Amino acid sequence: MQWFGRRESDNVDDERGGGGGRLAIGGGVLGLIAAAIYFFTGVDPSAVLNQVATNQPARQEQTTNNGPEDAGKHFVRVVLADTEDIWTKLFNDMGRTYEKPRLSLFRDYVQSACGNASSASGPFYCPGNSKVYIDLSFYDELKNRFGAPGDFAQAYVIAHEVGHHVQNLLGISQKMDQARSRLSESAYNKLSVKLELQADFYAGVWAHYEQSMKKVLDKGDIEEALNAANAIGDDRLQKQAQGHVEPDSFTHGTSAQRMYWFKKGYETGDINQGDTFGNGDLD
Ligand SMILES: [Zn+2]
């Protein structure tokens with residue numbers, strides 16, 4: 001992806017160095033995290049909280065010099081700027097206004113409007129304050145643990161979270177919240193998969209315009225994103241973690257599904273073709 005020296009978004013908050021503050025660990029936090037945060041991959045909320053609790057006493061003061069990570073910051077700002085331009089155009093085409101999300105760069109853990117989270121949870125979107133959260137160390141994890149290197153794999157992560165913001169603006173997140181109260185856990189998980197696949201579809205639509213409107217894709221970029229989508233499917237992650245898969249507990253979709261919807265978005269560039277829910281799922 002050609003990103004160096006291009007326009008950078010002003011909507012990035014660098015929250016890596018300072019304060020962090022004290023974390024309130026309690027039952028309510030788990031509820032909040034489970035209710036209204038949209039993660040990039042399936043996570044176990046209890047594991048996230050344990051991680052937060054374990055990390056807390058060990059936290060050290062960070063210096064304000066972020067060194068080599070600043071390249072990462074520029075990259076994130078450029079990718080976010082591209083999502084702003086592309087979604088502004090697509091919303092205009094629908095006769096709507098795109099309200100830009102903010103993005104927080106954090107380190108180790110963060111207090112979001114949706115509750116506390118640690119880096120262990122991976123990147124996420126909080127609809128409560130329309131903000132994307134990412135610890136740049138996830139990019140090392142993406143490359144080394146998930147085997148998905150490349151700048152466009154990294155861009156896809158942001159585009160997926162921005163996809164959740166698009167869902168928020170289109171009223172889909174609110175419908176999900178309503179559905180949660182009346183559904184069993186496994187029924188809600190099925191709905192969650194559809195929501196996540198649509199975020200992947202929107203990321204694919206964004207990639208389509210990176211190509212046709214921005215002309216910034218390099219050879220192999222789409223393969224990088226598809227490789228990442230393949231690496232983070234629920235079936236694959238569960239198999240790696242526990243040796244077997246439990247489809248009822250899927251929240252993000254299989255590797256095949258995640259690749260399918262990203263690719264469909266990329267090939268069509270048509271947001272009307274992203275109805276992963278089918279008829280009536282959210283009514
Ligand atoms: Zn997601």
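Trainee: What is the handedness of the disulfide of Cys-114 and Cys-126, and which torsion decides the matter?

Mentor: A disulfide is a covalent bond between the sulfur atoms of two cysteines. In this predicted model, the torsion about the S-S bond of Cys-114 and Cys-126 is about 90 degrees, so the disulfide is right-handed. The two sulfur atoms lie 2.0 Å apart.

Trainee: Are Cys-114 and Cys-126 buried or exposed?

Mentor: Cys-114 is buried at 3% relative accessibility, and Cys-126 is buried at 0%. Strand S6 (residues 124-126) also holds Tyr-125, which is buried with a relative accessibility of 0%. Tyr-125 and Ile-158 are 33 residues apart in sequence, and their C-alpha atoms are 9.6 Å apart in space.

Trainee: Let us turn to the metal site. Which residues are the protein donors of the zinc ion?

Mentor: The protein donors are Phe-39 through O, His-160 through NE2, His-164 through NE2 and Glu-196 through OE. They lie 1.9 to 2.4 Å from the zinc ion. Along the chain, their spacing reads F-x120-H-x3-H-x31-E.

Trainee: Why is the arrangement of the 4 donor atoms around the zinc ion called irregular?

Mentor: The angles decide it. Four donors count as tetrahedral if all angles lie between 85 and 135 degrees. Here the 4 donor atoms subtend angles of 93 to 136 degrees, and the arrangement is therefore irregular.

Trainee: Where do His-160 and His-164 lie?

Mentor: Both are in helix H5 (residues 151-169), 4 residues apart, which is about one turn of the helix. His-160 is buried at 0% relative accessibility, and His-164 is buried with a relative accessible area of 0%.

Trainee: My next topic is the aromatic rings. How many aromatic pairs does a search of the whole structure find?

Mentor: A pair of aromatic rings is described by the distance of the centres and the angle of the planes. The search of the whole structure finds 17 aromatic pairs. One of them is formed by Trp-87 and Phe-91, which are edge-to-face, at 6.3 Å centre to centre with 80 degrees between the planes.

Trainee: How are Trp-87 and Phe-91 placed in helix H3?

Mentor: They are 4 residues apart in helix H3 (residues 69-93), so about one helical turn separates them. Trp-87 is buried, with a relative accessible area of 2%, and Phe-91 is buried at 1% relative accessibility. Phe-201 and Tyr-202 form a tilted aromatic pair, 5.9 Å centre to centre with 55 degrees between the planes. Phe-201 is buried with a relative accessible area of 0%, and Tyr-202 is buried with 4%.

Trainee: Which residues do ring pairs link into a cluster?

Mentor: The cluster is made of Trp-87, Phe-91, Tyr-98, Phe-201, Tyr-202, Tyr-260 and Trp-261. Arg-180 lies over the face of Tyr-188, 4.1 Å from the ring centre, and Arg-258 lies over the face of Phe-40, 5.4 Å from the ring centre.

Trainee: A last point concerns the backbone. What are the phi values of Asp-108 and Lys-215?

Mentor: For Asp-108, phi is near 75 degrees, a positive value in a residue other than glycine. Asp-108 is in the loop between S3 and S4 and is partly exposed at 28% relative accessibility. For Lys-215, phi is near 55 degrees, likewise a positive value in a residue other than glycine. Lys-215 is in the loop between helix H7 (185-214) and helix H8 (221-231), and is exposed with a relative accessible area of 58%.

Definitions and conventions: Residues are numbered from 1 along each chain as its sequence is written. This is a predicted model: local features need pLDDT of at least 70, side-chain atom pairs count only at pLDDT 80 or more; totals for chains, interfaces and linings use all residues. Side-chain values use heavy atoms; hydrogens and water are left out. Rings of Phe, Tyr and Trp (its six-membered ring) pair if their centres lie within 6.5 Å; planes under 30 degrees apart count as stacked, over 60 as edge-to-face and the rest as tilted. Helices (H or I, at least four residues) and strands (E, at least two) are DSSP runs, numbered from the N terminus. Buried means under 20% relative accessible area, exposed over 50%, partly exposed in between (1.4 Å probe, protein chains only). A charge sits over a ring if NZ of Lys or CZ of Arg is within 6 Å of the ring centre and within 35 degrees of the ring normal. Donors are N, O and S atoms within 2.8 Å of the metal (3.2 Å for Na, K and Ca); water is not among the atoms, so sites may look incomplete. Four donors count as tetrahedral if all angles lie between 85 and 135 degrees; four count as square planar and six as octahedral if opposite donors are over 155 degrees apart and all others between 65 and 115; anything else is irregular. A disulfide is a pair of cysteine sulfur atoms within 2.5 Å.
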